[in-house]
Structures are given as C-alpha cells and as structure tokens.
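Please find below a short note on the model under review.

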Amino acid sequence: MIALAVVLRSRDDGRGTGGHAVSVERAVRGAFSAYNAADVDRFLAQWTERGFVDVFGVTKEEAADVPPGLSGLRPLSQSTVDVGAVSHATVAGDSARTRVVLTDLHVVRTFDFRLVRDGRDWLIDEAVERPSRVPSGAAIVPVELREYDIRLSADTVTRSVVFRAANAGRRSHQLLLLRLDAALGTEESIGRIELLPPGRSWPLVLRGLEPGRYALVCNLLDQEGVPHSSRGMRAELRVR
C-alpha cells in the first residue's frame with residue numbers, strides 16, 4: 001500500500017505551552033501517518049483504549065485482528081486519511097486538547113481530541129465529533145428524514161456538497177451516500193451519518209465527489225427487520 005504523505009507543521013496557536021503544543025500536534029499527525037502506512041501496531045500504540053473505542057467502536061485487541069477504517073465502510077488497509085488543520089491546542093499538566101480536521105476519501109470530519117501524557121508520549125484518550133465547516137464553494141442541500149421518506153431540496157448537486165440532514169420523524173434514522181454504477185449494477189458506500197435521533201440534525205460534508213448517479217438511503221432496520229430503505233427511505237440524485 002502506498003502511504004499518503006503527512007507533512008508535520010509545527011506551530012503554536014498561543015493557547016498551548018510552546019513545545020508541549022507542538023508535541024500534541026506531532027502525536028496526532030503521527031497516529032494518522034501510521035494509519036496511512038497501514039502500520040497497525042504503531043497506530044494502535046498512539047491511543048488509549050477509551051480513545052480508540054470512541055472513534056472506531058471496537059477495542060484495540062479486536063482492531064489488532066481486523067483493523068477498522070475511520071469511516072467504518074472500508075478496512076484500514078484500504079483507507080487513507082488526509083490530516084488537515086490541527087488547531088486550538090491547550091495543554092494543562094498531563095492533559096491536552098486539540099481540534100483536528102480529517103478527510104477520509106470524500107468525507108470531511110472534525111474531532112475534538114483529548115490526549116493524555118504517558119511518559120514522554122501523548123496518547124489520544126477521548127474524541128468528540130463536531131460539525132465540520134462548509135468547504136469554500138460547496139453547495140448546502142437540506143435533507144429531511146421521516147418515516148419512511150427522504151426529501152431533498154435538489155436532485156443535482158456539485159462535487160463539493162454538504163447534505164444537512166434533519167430528522168423530522170419519530171424514530172432514529174441514518175443517512176448513507178451510495179455511488180451507483182448502472183453498468184456494473186453496484187452501489188459503493190461513500191459516507192454516512194450513522195445515527196440521527198428524532199429532532200436532531202447533522203451535516204454530511206463531502207468534497208471532490210466523482211460525477212455520476214448517487215443515492216441517499218437509510219438502511220436501519222425496523223422492528224420487523226426490514227431496512228428503512230425498503231419502505232421508501234431512498235432518494236437518487238446526480239453529481240455534476
């Protein structure tokens with residue numbers, strides 16, 4: 001696998017303490033450099049157990065056997081992550097916090113990481129996902145989810161787009177973006193909002209999508225074990 005080069009940019013935004021803030025950024029970039037190199041042992045060593053479960057939903061022991069990718073749609077061996085801004089670093093004793101923008105294929109995600117010091121190393125101990133900023137030039141498309149329907153404000157979008165999903169129903173839903181290949185009869189998973197409770201909203205931020213046909217679906221199961229998409233929660237669109 002060809003590893004995606006990650007450039008270490010050392011800076012202090014003034015709210016950390018000099019070299020400690022730089023070390024925190026280095027730790028975060030080092031973790032995802034190992035991810036891109038598919039170096040599982042080095043990648044796992046950059047996390048505490050709690051931090052890893054927060055982001056990947058499995059234990060480090062489980063991940064050693066089947067390393068998961070960031071999106072949950074592809075394994076680590078088939079995934080690379082572009083590390084964007086690492087900012088808002090604050091350091092207090094053996095604890096630090098920083099905000100990190102990660103792009104997995106076409107999906108932009110923003111995390112607030114908490115790190116703890118382990119000897120001379122900083123380990124990622126906690127992760128809270130935040131709504132990502134809208135990329136410059138991206139279109140914003142409201143998406144309404146309800147039982148059992150997905151309503152789009154547009155059926156043709158640009159290659160950089162934000163689907164602003166809002167659950168107007170009484171049950172939890174998800175939003176899964178699929179790329180459709182009519183010639184092969186395939187549906188490739190691109191990105192998703194995993195679980196959106198009633199009354200909540202969340203942006204699915206995407207950039208650089210390939211032109212073509214796509215679908216937005218909810219594949220959560222109802223009480224009878226039937227996917228919501230089979231009950232009508234599917235909407236097709238075109239990326240131009």
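**Notes on selected local features**

1. Val40 belongs to helix α2, which spans residues 40-44. The model is a predicted one, and the remarks that follow should be read accordingly. With residues up to four places away in sequence set aside, the contacts of Val40 are Ala63, Ala64, Pro67 and Leu76.

2. Helix α3 covers residues 49-56, and its buried residues are Gly51, Phe52, Val55 and Phe56. Because these residues span an arc of only 105° around the axis, they fall on the same side of α3.

3. The residue that follows α3 also deserves mention. Gly57 comes after the helix and has a positive phi, near 75°.

4. Thr103 is part of strand β2, formed by residues 95-104. Is Thr103 buried or exposed? Its relative accessibility is 6%, and since buried means under 20%, Thr103 counts as buried.

5. The surroundings of Thr103 can be described in two steps. Apart from neighbours within four places in sequence, Thr103 is in contact with Thr80, Val81, Asp82, Val108 and Arg207. With Arg207, there is a polar contact between the two side chains, at 3.4 Å.

Conventions. Residues are numbered from 1 along each chain as its sequence is written. This is a predicted model: local features need pLDDT of at least 70, side-chain atom pairs count only at pLDDT 80 or more; totals for chains, interfaces and linings use all residues. Side-chain values use heavy atoms; hydrogens and water are left out. Buried means under 20% relative accessible area, exposed over 50%, partly exposed in between (1.4 Å probe, protein chains only). Helices (H or I, at least four residues) and strands (E, at least two) are DSSP runs, numbered from the N terminus. The arc is that of the directions from the helix axis to the C-beta atoms. A polar contact is a pair of N or O atoms within 3.5 Å; within protein, one must be able to donate a hydrogen and the other to accept it, and residues adjacent in sequence count only if both atoms are side-chain atoms. Contact means heavy atoms within 4.5 Å.
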